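Student: Could we go through this model together, one topic at a time? I would like to ask as we go.

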Amino acid sequence: MPEPSQPVVHDGAELCGLVLRCVLTTADNGSSLQASTLRRLTEELRGIDGSVGAVLLVGTGSNFCTGGDVQGFAQAEDVGRHVHQLADLFHDFQRAVRNAPVPVVAAVQGWAAGAGMSAVLAVDVAVAGTSTRLRPAYPALGFSPDGGMSWLLPRLIGAGRARHVLLTDTVIDAAQALEWGLVSMVVPDPDVLAEAERIAGQLAEGPTRALGRIKQLIGDAECRDLDSHLDAEAAAIAASATDDEGRAGVAAFAARRPPRFRD
C-alpha cells in the first residue's frame, strides 16, 4: 500500500491519496446544489487521470443533498430559463459520474431529495445511514424530474413501482432503499462517511482499469442485446488480460500471493 500523502486541494475537490473527494453540497447553502459547484466537480471528473483510483462524493452538512436551490428559483427573473440552465449543468455532472473511468462512491447521510436522489441513483456504490431518506420531491414543487431519475428509477425498481414513487412523491427510508437496490449498504449514521471512505480507498487500491471496464459494461448493458454484449465482454476481458493490472493479477494468483495492482 502506498504511503499516505497530503491532500491535494482542488476547487470543490481534493485528492486524498488515490481518492478524489468531491464535496457536492455544504450546510452553508442548506445542502442544495449550486451551479458553480456543479461546474467545478464536472471538470474534476472529466479530468480524472491515473493518479485517481476512486471518487468519493459527499455532502458536508447533516444532509447529503436537498436538491436544487428553490430560493434561487423563486428569485430568478426568468425561472424557466434558470431551471433549464441548472438542469443542463446537473446533467453534465451526472454524465461525468457515469463516464468516470473509476468507481464513484457516495456517503449518503440524512436526506437525498430531488436532485440529491438522482445523484444517489447515478453513483456506483451508495453508503446510507439508518436515518437516510430518499424522496423525489419534484411533485411538491409542481416539477417533473431531472438528473435522469425518470430513466434510472424504473430500471432499478421496475416501471410500475417507479410510477408510484414519482407520482405520489414517496419518501423511501434506508431499509426500503436497500431492499430495492437504491443504495448499496446501510450502516449506523455516525459510520456513513468512514465506511464510504473505506470502500473508496479499497477500490482505489484495486485494478482500477478493470473496475472501469466493469462499470462501463454494466452501464452499456441496457443498450445491447445479449449477443452484442457478449462480444463487448470478450473485448474487455482481453484488454484486461494484456494490461499491467491483468498481468499482475495472474502472476500473483500463480504465485499464491495477494495481488498488488499499484506500486
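Tutor: What follows is a conversation about helices, loops, salt bridges and cysteines in this structure.

Tutor: The model is predicted, so local features are given where pLDDT is at least 70 and side-chain atom pairs count only at pLDDT 80 or more, while totals for chains, interfaces and linings use all residues. Residues are numbered from 1 along each chain as its sequence is written, and side-chain values use heavy atoms, with hydrogens and water left out.

Student: Let's start with helix 7; which residues in helix 7 are buried?

Tutor: Ala162, Val165 and Leu166 are buried there, where buried means under 20% relative accessible area, exposed over 50% and partly exposed in between, using a 1.4 Å probe and protein chains only. Helices (H or I, at least four residues) and strands (E, at least two) are DSSP runs, numbered from the N terminus.

Student: Which residues is Asp169 in contact with, leaving aside its neighbours within four places in sequence?

Tutor: Asp169 is in contact with Arg135, Pro136, Ala137, Pro139, Ala140 and His164, contact meaning heavy atoms within 4.5 Å. Of these, Ala137 also has a positive phi, near 70°, in a residue other than glycine. Ala137 lies in the loop between strand 8 (133-135) and helix 5, and Ala137 is buried, with a relative accessible area of 17%.

Student: Okay, and Arg256, where is that, and is it buried or exposed?

Tutor: Arg256 lies in the segment after helix 12 (244-254), and at 81% relative accessibility Arg256 counts as exposed. The phi of Arg256 is positive as well, near 55°.

Student: Changing topic: how many salt bridges does a search of the whole structure find?

Tutor: The search finds 11 salt bridges, a salt bridge being a side-chain nitrogen of Lys or Arg within 4 Å of a carboxyl oxygen of Asp or Glu.

Student: What does Asp92 form a salt bridge with?

Tutor: Asp92 pairs with Arg46, the closest N and O atoms being 3.9 Å apart. Asp92 lies in helix 3 (residues 79-99) and Arg46 in helix 1 (residues 35-46), so the pair ties together parts that are 46 residues apart in sequence. Asp92 is partly exposed, at 26% relative accessible area, whereas Arg46 is exposed, at 58%.

Student: And what about Arg98?

Tutor: Arg98 forms a salt bridge with Asp220, with the closest N and O atoms 3.3 Å apart. Because Arg98 lies in helix 3 and Asp220 in helix 10 (residues 208-221), this pair ties together parts that are 122 residues apart in sequence.

Student: Where do Arg198 and Glu195 lie?

Tutor: Both lie in helix 9 (residues 192-204), 3 residues apart, which is about one turn of the helix, and their side chains meet in a salt bridge (2.7 Å, N to O). Arg198 counts as partly exposed at 43% relative accessibility, while Glu195 counts as buried at 19%.

Student: Which residues are linked in a network of salt bridges?

Tutor: Arg209, Arg213, Asp243 and Asp244 are linked in that way.

Student: Last topic, then: how many disulfides are there?

Tutor: The count comes to 0 disulfides, a disulfide being a pair of cysteine sulfur atoms within 2.5 Å.
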